[in-house]
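Dear colleague,

Please find below the structure that I am handing over to you, followed by an account of what was found in it.

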Amino acid sequence: MLAKLIKHEWKETWRIPALIFGAILLLTTAYMIYFSLCPPLTDRGALHVGNLFLFIAFCFAISAGDLLCILYFGIRFYKNLSTDEGYLMHTLPVSPDRLLLSKTAVATVWTYVYSLLLYAIILPVTFFSVPRIQQTDLSFLEEFGEMMAAILGGSPLSALAFLLPYTLAGSIYSIVQLYAAASLGQFFGRHKVFGSIVCYLGLHTLFGCVTSLFMLPSMTKLILDTSQLSSLSSFTVYFTGMFRQVLFAQFLSNLAVIAACLFLCHYILKKNLNLD
Amino acid sequence: MAWTLDSDRPIYAQIVERLKLQIVSGNYPPGARLPSVRELAAQASVNPNTMQKAFTELERTGLIVTLRTSGRIVTQDGERIAVARRELAQEQVRLFWEQMTQLGYDREQILSLLLETGGNTHE
Amino acid sequence: MNETRTDSLVSIRGLTKRYGKITALDNVNLELPPGRIIGLLGPNGSGKTTLIKLMNGLLVPGRGTILIDGNIPGIATKSCVSYLPERFYASDSMRVEDLFSYFEDFYADFDKSKALGLLEKLQISLKSPLKSLSKGTREKAALVLVMSRRAKLYILDEPIAGVDPAARDVILRTIIQEYDESSTILLSTHLISDIETILDDVIFIRDGKTLLSSSVEDIRSAQGRSVDAYFREVFAC
């Protein structure tokens, strides 16, 4: 039954995310074509303001696509389970956890692939854009890259091994937060949409605090330890090590929040369903 | 179209009347197969149990016959149909008589009016 | 339909449901036997839809129990109850075929060829977007799917409200022709005169209480008038 639910969920939701995907790819292509037509800057130190704005706007646009995609799945969850469409979904002979799982799975696949796509676009685009915004030495980017690799585990492979599950947890985290808010909206009688939004803001703040709490020990340690450091090279080692711990703590807190949200959604769908 | 039924009177009795009329008028000729209970109930927009009851009543009076294999047919007994026709006619006459009496006609007046108008319509 | 029956298909005991301070259902007790067409009659806002939603597991009961074929509403009852809601439940982008595939995929008792035959008979194309159909046609399409299941209980919430007379005839005919004889149909409406000839039994409901649960023939012979006329008197409307 889960497979069939996923099939239907996919069939009914693929259009909008695919549209966003297409738009992003189109935008990236247009952006790249424009920048490759731009002559490289010759005047050392001069800033090409127009291109800088374009670069920032582009980064905003593709991040907005990510948000839109996540938001779409949140709204879809609400509409499909809490409005008239729920009359069909909740009378299918399937358990609420199957409904929840199928929706989470499909939304996760899209947002996850989207996030990976963002990585794949942003890095090359940045490398490509910077020389056309200001003529600079690109070595700082290399240093940055090295530092990131160090934080994420040293080799590109181990960086990937950390980044993939870390991003996945992030995607699920964003999705289930919306799902939990939409489910909590059930308790708001006639103002379910409003209630869902309020709950989302509340949950978002709460989970932000939870994440900070998780990160607190390693952050504190990071600050305390750096004060005792003498040389710069040992600083880098320490910093990357600690930062890795911070990211790892965030990863764990995301997992905890995911579990809490899924439990909450399931509980409400099972024990407190009250369709209008 | 759904049959026009008067919901103040038992539905099954009205169905019986209606089916009788259709048999007598040759709409369902002797030996003709009748639609199934379900089909006829759907046509008339009545409960299948009610239609079943009407069929049972018609079977009891011998107007329709249930065959073991091929459903229900109208009786092939012409005599039986003639009896039913006569019953329906008598019922019409009785009603007519009742209403005419209510209008204040006596026996003689009714008969003469009947001959008069009956003659005219036959022309 | 008295309380001591043990062969009931549906058994409802002491069912109460409140929305805040409003009591939508107040200590309802009902036994529905198999093989009957039962009308759930009551004015708007009397609790008909609340009762039906509880039977379909779309609301959690406040107090009391519902047993359908021996089970409380859940996966088991959803497999044997075929439900036509009062609301139209398909999403905007759905075509008839999309709704069709939900029935095909999830209900083991769905008779695909029967549904296809009926849709063809009623000239409803599988490719039509549901949004583009008239209310009557949409209702017919959903009814075809609901009636094409070999369910033990059909629950039809206001199937003829707001549709034109021609569509209404088709809907009633489809119900009579297609339901499984051993199963029960629970049909809610506030338009009694249109459907009283197809009912075996009626349940009157007002202000969340059941007033009467009786066979239609009993009412006609005891009252000497139609159920509709009797209903109008009981509810004084």
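Predicted model: local features only at pLDDT ≥ 70, side-chain atom pairs only at ≥ 80, totals over all residues.

Residues are numbered from 1 along each chain as its sequence is written, chains are lettered from A and ligands numbered from 1 in the order in which they are written, and side-chain values use heavy atoms, with hydrogens and water left out.

Chain A

Chain A has 9 helices and 0 strands; helices (H or I, at least four residues) and strands (E, at least two) are DSSP runs, numbered from the N terminus. The C-alpha atoms of chain A fill a box of roughly 65 × 50 × 35 Å along the principal axes. Of its 276 residues, 42% count as buried, where buried means under 20% relative accessible area, exposed over 50%, and partly exposed in between, with a 1.4 Å probe and protein chains only. Among contacts in chain A with a separation of 6 or more, 81% come from residues 24 or more positions apart; a contact means heavy atoms within 4.5 Å.

One residue of chain A deserves a separate note. A:Lys103 belongs to helix α5 (residues 96-133) of chain A, and it counts as buried because its relative accessibility is 1%. Apart from neighbours within four places in sequence, A:Lys103 is in contact with A:Glu9, A:Arg76, A:Phe77, A:Asn80, A:Leu81 and A:Tyr179.

The interface of chains A and C

Of the 2 pairs of chains that touch, chains A and C have the most contacts. No contact joins chain A and chain B, and their closest C-alpha atoms lie 28 Å apart.

Between chain C and chain A, 26 residues of chain C are in contact with 26 residues of chain A. The two chains bury about 2,500 Å² between them, 59% of it on carbon and sulfur atoms; buried area is the accessible area (1.4 Å probe) that two parts lose on being put together, summed over both. In chain C, the residues that lose the most area to chain A are C:Leu58, C:Tyr102 and C:Phe106, together 28% of what that side buries.

The rule finds 3 salt bridges across this interface, a salt bridge being a side-chain nitrogen of Lys or Arg within 4 Å of a carboxyl oxygen of Asp or Glu. In one salt bridge, the side chains of A:Lys7 and C:Asp105 meet at 2.7 Å, N to O. There are also 12 residue pairs in polar contact between chain C and chain A, both residues at pLDDT 80 or more. A polar contact is a pair of N or O atoms within 3.5 Å; within protein, one must be able to donate a hydrogen and the other to accept it, and residues adjacent in sequence count only if both atoms are side-chain atoms.

On the side of chain C that touches chain A, the elements that give two or more residues are α2 (75-80) and α3 (96-106) of chain C. The most comes from α3(C), with 6 residues.

The interface of chains B and C

Here 18 residues of chain B are in contact with 21 residues of chain C. Chain B and chain C bury about 1,600 Å² between them, 45% of it on carbon and sulfur atoms. B:Arg38, B:Ser45 and B:Asn47 supply 35% of the area that chain B buries against chain C, more than any other three residues.

The rule finds 1 salt bridge across this interface. C:Glu181 forms a salt bridge with B:Arg38, with the closest N and O atoms 3.2 Å apart. Polar contacts across the interface of chain B and chain C number 10 residue pairs, both residues at pLDDT 80 or more.

Nonpolar cores

A nonpolar core is a set of buried Ala, Val, Leu, Ile, Met, Phe, Trp, Tyr and Cys residues joined through side-chain atoms within 4.5 Å. The largest has 156 residues, of which B:Met51 and C:Met55 touch the most other members. Helix α5(A) gives the most to this core, with 11 residues.

A residue of chain C

C:Leu212 lies in strand β9 (residues 209-215) of chain C and is partly exposed, with a relative accessible area of 23%.

Yours sincerely
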